Amino acid sequence: MGIGASIFLIAIGAILAFAVTPGLIPFIDQTLVGYILIGVGVLGLIVSLVMMSGTRPRRRVTESRQLVDPDTGEAVTRRDSREI
């Protein structure tokens with residue numbers, strides 16, 4: 001469940017819990033359904049935020065190359081570092 005879906009559930013739950021007249025839908029306790037939707041939305045929002053904030057451990061790769069310059073005969077070392 002994404003952040004948008006979680007906010008949508010919280011909004012629908014709040015509407016059912018606080019804005020709609022109780023008894024509008026027979027045989028269903030709208031206030032309880034609203035609180036359940038709010039709870040599920042909050043739980044989904046927390047899980048979504050935790051999953052998004054989890055960072056992967058970064059690895060650094062370093063490559064070294066040694067070449068001989070054909071003009072001067074010097075050994076040249078080139079080092080490249082990057083994170084993947």
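**Salt bridges and the rest**

Modeller: This is a predicted model. Searching the whole structure turns up three salt bridges.

Biologist: What does R65 form a salt bridge with?

Modeller: R65 pairs with E63, and their closest N and O atoms are 3.7 Å apart. R65 is partly exposed, at a relative accessible area of 44%. E63 is partly exposed too, with 32%.

Biologist: Is R82 buried, exposed or partly exposed?

Modeller: R82 has 45% relative accessibility, so it counts as partly exposed. Through shared partners, the salt bridges join E63, R65 and R82 into one network.

Biologist: And what does D80 form a salt bridge with?

Modeller: With R78, where the closest N and O atoms are 3.6 Å apart.

Biologist: How many residues are between the two strands?

Modeller: Six, and the two strands form a hairpin. In the turn, G73 has a positive phi of about 85°.

Biologist: Where do the side chains of a strand point, in general?

Modeller: Along a regular strand they alternate between the two faces of the sheet.

Biologist: Zooming out, how many helices and strands are there in the protein?

Modeller: The protein has two helices and two strands. Starting from the N terminus, the order is α-α-β-β. Its radius of gyration is 29 Å, while the globule rule gives 12 Å for 84 residues, so the protein is more spread out than a compact globule.

Biologist: What box do the C-alpha atoms fill?

Modeller: One of roughly 90 × 20 × 15 Å, taken along the principal axes. Of the 84 residues, 13% count as buried. The accessible surface is about 6900 Å², and carbon and sulfur atoms account for 64% of that.

Biologist: Where is S6, and is it buried or exposed?

Modeller: S6 is in helix α1. Its relative accessible area is 0%, so S6 is buried, the cut-off for that being under 20%.

Biologist: What does S6 touch?

Modeller: Leaving out residues up to four places away in sequence, S6 touches M1, G41, G44, L45 and S48.

Biologist: Changing topic, what about the surface? Which residues make the nonpolar patch?

Modeller: L24, I25, F27, I28 and V33 make it, and the patch is about 540 Å².

Biologist: Where is F27 placed?

Modeller: In the loop between α1 (3-19) and α2 (30-53). F27 has 88% relative accessibility, so it counts as exposed.

Biologist: Last one. What share of the contacts with a separation of 6 or more is between residues 24 or more positions apart?

Modeller: That share is 39% in this protein.

Note on methods. Residues are numbered from 1 along each chain as its sequence is written. This is a predicted model: local features need pLDDT of at least 70, side-chain atom pairs count only at pLDDT 80 or more; totals for chains, interfaces and linings use all residues. Side-chain values use heavy atoms; hydrogens and water are left out. Patches are made of residues with over 30% relative accessible area and no salt bridge: like charges are joined within 9 Å, nonpolar side chains (Val, Leu, Ile, Met, Phe, Trp, Tyr) within 5 Å. Accessible areas come from the Shrake-Rupley method with a 1.4 Å probe; for residues, only the protein chains shown count as cover. A salt bridge is a side-chain nitrogen of Lys or Arg within 4 Å of a carboxyl oxygen of Asp or Glu. Helices (H or I, at least four residues) and strands (E, at least two) are DSSP runs, numbered from the N terminus. Buried means under 20% relative accessible area, exposed over 50%, partly exposed in between (1.4 Å probe, protein chains only). Contact means heavy atoms within 4.5 Å. The radius of gyration is taken over C-alpha atoms; the globule rule is 2.2 Å times the number of residues to the power 0.38. Two strands pair if DSSP finds at least two bridges between them.
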